[in-house]
Amino acid sequence: MSPDERFMRQALSLARKGLGSTSPNPVVGALVVKHGRIIGSGYHKRAGAPHAEVVAIAKAGKGARGATLYVTLEPCNHYGRTPPCTRAILESGIRTVVVGIGDPNPHVKGGGAEFLRAQGLEVRCGVMKEECARTNEAYITYVTQGKPFVMVKGALTLDGWIATRTGHSKWITNEKSRRFVHMLRKTSDAIMVGIETVIADDPLLTAYLRKGPAPDPVRVIVDTNLRVPLESRILTGETSTLTCIAAGSKVSADRKKKIEGLGAKVLRCKVKDGRVDLKDLLNQLAKMSICSVLVEGGANIFTTIIRERLVDKYYLFLAPKLLGGDNGVPFTTGPGCDIIKDCWELQVARVRRFDDDIMVEAYPKVGE
């Protein structure tokens with residue numbers, strides 16, 4: 001491993017500390033290195049807080065003169081909530097900047113690196129670019145496609161069921177798997193489930209197994225006809241997080257008023273085939289600056305969002321259990337492919353064990 005890769009890997013570890021706290025901004029980590037030694041480090045903690053480069057430079061102090069700055073994302077060269085990082089870099093006397101990836105935001109693309117080069121600094125880009133891009137995959141999707149990064153989380157028995165015929169699903173996976181899911185919740189902007197999941201499980205949909213500074217995600221319930229029980233924990237549980245009920249455009253005004261009286265927000269959405277149009281819902285969430293959505297069920301939501309090719313990433317948990325029948329709740333519903341070669345293929349990024357559970361982390365294969 002080269003020195004550039006070694007230091008960038010450490011900067012990435014710092015960047016990940018900001019996951020769940022910086023949205024709609026990216027997560028960024030930075031190191032100031034001189035004579036092979038780290039003399040300053042920082043990461044972006046939350047939107048509006050000092051950027052990673054500024055924090056690292058401040059810690060390095062006068063020692064930054066002549067040093068090298070490692071940063072996972074191209075330094076900004078524009079005024080937003082904070083001054084441009086390029087100004088802090090120039091004033092510090094840093095001579096070399098090593099960048100993981102360029103900023104894909106069309107409003108700032110390429111500006112930082114080009115500006116620093118024009119001022120006489122050496123700038124090297126593309127160090128560990130795949131890892132840096134993956135760390136900011138939600139931000140990149142949001143700023144380049146104008147939609148949230150959509151993740152599907154499914155917990156399945158080995159024979160492919162997500163619940164019994166009665167809708168019972170607690171618990172298919174073990175506690176270690178569930179703790180990992182709560183980490184996914186904590187680092188996502190929103191959790192999405194269908195109304196059937198709310199009726200069957202009465203979930204709270206918070207990250208109560210993962211305490212930390214990041215707020216709980218926004219809770220999004222897809223409920224075309226506003227059937228959500230007024231006594232459900234989604235509406236009555238103690239939490240400061242926002243709850244959005246995605247409904248059709250023709251729901252009862254009185255029912256809407258009752259639900260909003262309990263603190264929730266009803267989003268009126270287009271209807272497609274008798275159900276909330278998920279693409280329209282995602283567009284509305286993007287306008288709310290929600291960059292990432294973790295979809296947790298149930299089968300109807302999984303089916304629609306997969307078939308409409310709205311999924312960016314999968315987290316599929318397989319537990320060593322067999323339902324032993326054909327009358328459970330499947331992961332998806334309706335007719336599938338007639339021949340295997342027509343199945344949708346996934347690109348597996350990681351396989352991980354949580355005791356006896358197996359998690360497959362995968363992306364839709366390019367071209368699917």
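In the predicted model, Gly-154 has Leu-316 of strand 15 as its bridge partner. Strands of a sheet pair through backbone hydrogen bonds, and the pairing may be either parallel or antiparallel.

Strand 18 is in turn joined to strand 17 (residues 346–354) by eight bridges, and these two strands run antiparallel. Met-359 of strand 18 lies opposite Arg-352. Strands 17 and 18 form a hairpin with two residues between the strands, and in this hairpin Asp-355 adopts a positive phi near 55°.

These pairings form part of an open sheet of nine strands, ordered 11-10-9-8-14-6-15-18-17, in which the pairing is mixed.

Helix 10 (residues 253–261) lies across strand 10 (243–248) and strand 11, and its direction is at about 145° to strand 11. Helix 12 (residues 299–307) packs on the sheet and touches strand 6, strand 8 (190–194), strand 9, strand 14 (292–297) and strand 15. The direction of helix 12 makes about 135° with that of strand 14.

Val-228 is located in the loop that connects strand 9 (218–222) with helix 9 (233–236). Its relative accessibility is 0%, and Val-228 therefore counts as buried, the cut-off being under 20%. Beyond its neighbours within four places in sequence, Val-228 contacts Ile-195, Val-198, Asp-223, Leu-235, Arg-255 and Ile-259. One of these residues, Ile-195, is 33 residues away along the chain, yet the C-alpha atoms of Val-228 and Ile-195 are separated by 6.5 Å.

Helix 2 (residues 52–60) packs against helix 3 at an angle of about 20°, and the axes of the two helices are 9 Å apart. Helix 2 is therefore roughly parallel to helix 3, since angles under 35 degrees are assigned to that class. The crossing of helix 2 and helix 3 is left-handed. Glu-53, Val-54 and Ile-57 are contributed by helix 2, and they meet Cys-85, Ala-88, Ile-89 and Ser-92 of helix 3. The residues of this contact comprise five nonpolar, one polar and one charged.

Helix 3 (residues 85–92) also packs with helix 4 (residues 111–118), at an angle of about 25° and with the axes 10 Å apart. Helix 3 and helix 4 are therefore roughly parallel to each other as well. Helix 3 passes helix 4 in a right-handed crossing, whereas the crossing of helix 2 and helix 3 is left-handed. At the contact with helix 4, Thr-86, Ile-89 and Leu-90 of helix 3 meet Gly-112, Phe-115 and Leu-116. Four of the residues in this contact are nonpolar and two are polar, with no charged residue. Ile-89 takes part both in the contact of helix 3 with helix 2 and in that with helix 4.

How values were computed:
Residues are numbered from 1 along each chain as its sequence is written. This is a predicted model: local features need pLDDT of at least 70, side-chain atom pairs count only at pLDDT 80 or more; totals for chains, interfaces and linings use all residues. Side-chain values use heavy atoms; hydrogens and water are left out. Axes are lines fitted to C-alpha atoms, for helices over the stretch in contact, and angles run from 0 to 180 degrees between N-to-C directions. Helices (H or I, at least four residues) and strands (E, at least two) are DSSP runs, numbered from the N terminus. Angles under 35 degrees count as roughly parallel, over 145 as roughly antiparallel, 65 to 115 as roughly perpendicular and the rest as oblique. A crossing is left-handed if the near helix is turned anticlockwise from the far one by less than a right angle, and right-handed if clockwise. Contact means heavy atoms within 4.5 Å. Ala, Val, Leu, Ile, Met, Phe, Trp, Tyr, Cys and Pro count as nonpolar, Asp, Glu, Lys and Arg as charged, and the others, Gly among them, as polar. Buried means under 20% relative accessible area, exposed over 50%, partly exposed in between (1.4 Å probe, protein chains only). Two strands pair if DSSP finds at least two bridges between them.
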